[in-house]
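The sequence and the structure are shown first.

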Amino acid sequence: MSQVGFSTPIGSFGKIAFSASSHKIETFDNYQRDTKARIGSHEIMSQKPVLEYLGADTDTISFTMFFSRFWGVSPEEEVDKIRAMCSQGEAHFLILNNSPVGENKWIIESVGESVKKWDNNGIVLVATINVSLREYVEEVLT
């Protein structure tokens with residue numbers, strides 16, 4: 001049975017709460033996580049290079065967020081909040097389904113914005129942002 005205004009918690013990242021309700025939608029699409037290895041290449045004259053596994057690289061996550069005044073959020077305020085987190089280098093745990101993603105915090109590496117609709121006063125009605133996160137390792141294990 002649903003309640004009017006009931007918010008479904010999807011997750012969070014610092015000041016960003018991912019949720020959906022009958023009055024407000026603030027969530028993401030196109031979630032992608034990439035894991036890579038660090039590989040060194042040793043050049044050898046007249047032969048193929050010899051590869052060496054150096055260790056794991058930091059993971060990256062990307063997703064798209066859609067902000068609409070029609071869905072109860074101010075696109076300018078939300079984009080400004082996320083841009084500030086990027087500019088200030090804030091590291092936070094990414095929480096999805098009540099669990100942290102990975103064992104480390106994440107930092108916003110980039111934010112790309114696309115304004116989809118404006119009103120006749122120049123107020124942004126709909127905006128989309130692409131957010132890229134990089135795993136933030138605070139401590140080197142020896």
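Phe28 is buried, at a relative accessible area of 17%, where buried stands for under 20% relative accessible area, exposed for over 50% and partly exposed for values in between, computed with a 1.4 Å probe on protein chains only. Tyr31, at 34% relative accessibility, is partly exposed. The model is a predicted one, in which local features need pLDDT of at least 70 and side-chain atom pairs count only at pLDDT 80 or more, while totals for chains, interfaces and linings use all residues. Residues are numbered from 1 along each chain as its sequence is written, and side-chain values use heavy atoms, with hydrogens and water left out.

**Aromatic pairs**

Rings of Phe, Tyr and Trp (its six-membered ring) pair if their centres lie within 6.5 Å; planes under 30 degrees apart count as stacked, over 60 as edge-to-face and the rest as tilted. Two of these pairs are listed here.

| Pair | Centre to centre | Angle between planes | Class |
|---|---|---|---|
| Phe18 and Phe63 | 6.0 Å | 90 degrees | edge-to-face |
| Phe28 and Tyr31 | 6.1 Å | 45 degrees | tilted |

Strands (E, at least two residues) and helices (H or I, at least four) are DSSP runs numbered from the N terminus. Phe18 is buried at 1% relative accessibility, and Phe63 is likewise buried at 6%. Ring pairs join Phe18, Phe28, Tyr31 and Phe63 into a cluster.

An open sheet is formed by 5 strands in the order 4-7-12-11-8, with antiparallel pairing. Strand 4 (28–34) and strand 8 (91–92) are at the edges and have a single partner strand each, so one side of each has no neighbour in the sheet. Two strands are taken as paired if DSSP finds at least two bridges between them. Strand 7 (residues 60–68) and strand 12 (residues 124–136) are antiparallel and share 9 bridges; in one of them, Met65 has Ile129 of strand 12 as its partner.

Strand 11 pairs with strand 12 in the antiparallel sense over 12 bridges. Trp106 has Glu135 in strand 12 as a bridge partner, and Trp106 of strand 11 is also the bridge partner of His92. Strand 8 and strand 11 run antiparallel and are joined by 2 bridges. The hairpin of strand 11 and strand 12 has 5 residues between the strands, and Gly122 there takes a positive phi near 85 degrees.

**The helix**

Helix 1 (residues 75–87) comprises 13 residues and reaches 18 Å from its first C-alpha to its last, close to the expected 18 Å, which is 1.5 Å times one less than the number of residues. Its buried residues are Pro75, Glu78, Val79, Ile82 and Met85. These cover an arc of only 120 degrees around the axis and therefore lie on the same side of helix 1; the arc is that of the directions from the helix axis to the C-beta atoms. The face turned away from the buried side of helix 1 carries the exposed residues Glu77, Asp80 and Ser87. Gly89, which follows helix 1, has a positive phi near 65 degrees.
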